[in-house]
Amino acid sequence: MEGNTESIRETKLKQKTEKQKKKEKKNKNNKAKRIARVYDRNHEIKWEKLDNTAHLFPAIADTGMSNVYRIAIYLDENIIPEKLQEALDMVLPKFSIFNCRLRQGMFWYYFEENEKDPPRVAEENTYPCRYIEENRNGNYLFRVSYYKKRINLEAFHVLTDGTGGMYFLKELAYQYLRLIHPELREQYGDYLSSQTSLNTEDSYIQNFKKSRFSKGYKSGRSYVLKGSLFPQGKSGIIHGHMPLDEVKEKAKGCGATVNEYLVSMFIWSIYQSFLKGMPSKHPICISVPVNLRPYFQSVTAKNFFVMVTASFHPRTDNQPFEDVLESVKTTLREQLTKEHLEEVLSYNVTGERTMILRTIPLVFKNPGIKGLYKMHAKASAGTVTNLGNITVAPEYEPYIERFDVLLSRSQGQNTKMTLSTYRGILTTTIVSSLKSTEQQRVFFHYLTSQGISVSIDTNGVYYE
């Protein structure tokens with residue numbers, strides 16, 4: 001018996017030693033490659049400008065407002081971390097918008113090709129959407145983690161928006177599945193999906209039309225959600241899953257789109273839970289990001305969106321949901337025209353291209369950008385963003401169960417909601433820094449009162 005135990009120990013020690021040798025060899029090879037690049041006179045490190053919107057994020061980001069979002073994909077089996085790391089090592093070099101580091105120039109930030117090893121995949125062990133300290137992350141501006149069946153991509157918004165992040169996450173998941181299921185790799189190879197774009201144009205600049213009459217964002221003050229907050233970095237998350245067809249039917253019956261219907265419900269839940277159906281000095285205003293790609297035939301993988309505002313001003317007691325919906329429909333439809341979106345786009349780009357602004361050193365420019373952002377932040381009580389209908393390449397559908405999206409807290413916005421649909425199931429995710437769950441209770445209760453089937457899960461923070 002003792003001999004068998006000793007033999008097992010020797011075998012385990014031998015396996016451990018072999019594993020360590022492989023790891024050391026890999027690290028040595030990677031180091032040799034990096035050194036070779038440094039001494040290769042023909043090797044030129046690539047650099048690239050930030051897109052128009054990206055200039056904002058480095059100036060305002062800190063530990064209390066990370067400007068990091070998360071997109072998560074759920075597979076049908078538990079994640080094998082070594083294979084996920086291997087997949088990341090293979091996919092990252094193909095995506096220049098992720099394979100970079102942020103550098104500070106005299107007048108603007110810029111991206112530089114990152115020649116360090118890809119960031120390490122880790123099991124999730126803390127709250128999502130934390131500030132990314134690039135010096136602790138190999139200078140990369142994103143992280144990949146996992147938990148059971150879920151793969152998480154968390155990205156600093158300076159890199160790209162949700163569309164660009166989705167391109168990267170899908171390809172990471174596809175490559176992982178090919179490593180786990182060799183038959184997929186044999187049949188489809190390691191090629192990128194035809195649905196994936198690697199285009200890195202600044203579509204803001206490409207679609208800019210100079211005009212003296214460009215209008216910016218409305219900056220009137222909004223009602224602000226207040227209450228007891230979780231400690232910095234901690235947030236409560238509640239996912240609601242429901243059949244898209246049921247929501248569509250209810251929205252159609254109200255003469256609204258699904259987006260208008262759910263944005264209205266989000267505002268209604270604020271009106272009922274915070275204002276208790278009472279009038280307000282300020283309107284309830286919600287920021288709604290608009291993906292500009294369909295409007296301008298763009299396929300860029302960089303940021304390409306603007307914000308519009310949905311609002312409702314409670315002026316009398318106990319106004320019905322229908323009043324909220326009509327107000328939201330009116331305010332959104334006025335702004336969701338190509339002409340208006342062109343005006344906002346031009347307003348944004350004009351600021352960047354102004355000669356006076358271009359010649360101000362970054363050390364002085366950053367405080368100005370941050371101050372301007374804080375002023376505009378008072379115009380919104382929250383954000384609702386919709387990634388729309390998510391599709392995957394047909395060969396991978398049997399292995400992918402669902403997606404969800406999370407947004408980090410920002411100035412004046414303690415509660416945010418995201419929407420996404422996959423295979424006929426719409427997922428609404430409410431992320432909140434507030435300890436109270438009254439708004440979420442009102443929101444989901446109203447859905448079920450309309451005959452919509454909802455299943456709910458949470459990260460458990462509210463039960464701690």
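L292 lies in the loop between strand 9 (284–291) and helix 9 (293–296), where helices (H or I, at least four residues) and strands (E, at least two) are DSSP runs numbered from the N terminus. The model is predicted, so that local features need pLDDT of at least 70 and side-chain atom pairs count only at pLDDT 80 or more, whereas totals for chains, interfaces and linings use all residues. Residues are numbered from 1 along each chain as its sequence is written, and side-chain values use heavy atoms, with hydrogens and water left out.

L292 counts as buried because its relative accessibility is 0% (buried, under 20% relative accessible area; exposed, over 50%; partly exposed, in between; 1.4 Å probe, protein chains only). Apart from neighbours within four places in sequence, L292 is in contact with Y204, F304, F305, V306, L341 and L345, contact meaning heavy atoms within 4.5 Å. The C-alpha atoms of L292 and S203 are separated by 9.0 Å, although the two residues are 89 residues apart along the chain.

Helix 8 takes part in two helix pairs. With helix 7 (residues 244–253), helix 8 packs at an angle of about 85°, the axes being 9 Å apart; axes are lines fitted to C-alpha atoms, for helices over the stretch in contact, and angles run from 0 to 180 degrees between N-to-C directions. Helix 7 is therefore roughly perpendicular to helix 8 (under 35 degrees, roughly parallel; over 145, roughly antiparallel; 65 to 115, roughly perpendicular; the rest, oblique). In this pair, L244, V247, K248, K250 and A251 of helix 7 meet V258, Y261 and L262 of helix 8. This contact has six nonpolar, no polar and two charged residues (Ala, Val, Leu, Ile, Met, Phe, Trp, Tyr, Cys and Pro are nonpolar; Asp, Glu, Lys and Arg charged; the others, Gly among them, polar).

Helix 8 (residues 258–273) and helix 14 (residues 438–449) pack at an angle of about 130°, with axes 8 Å apart. Helix 8 is therefore oblique to helix 14. Residues of helix 8 in this contact include Y261, L262 and M265, which meet residues of helix 14 including V442, F443 and Y446. The contact comprises 10 nonpolar, four polar and one charged residues.

An open sheet of three strands shows the order 1-4-3 with antiparallel pairing, two strands being paired if DSSP finds at least two bridges between them. Strand 1 (47–49) and strand 3 (100–104) are the edge strands, each pairing on one side only. The twist averages 35° from one strand to the next. Strand 3 pairs with strand 4 (residues 109–113) in the antiparallel sense over five bridges, and Q104 stands opposite Y109 in strand 4.
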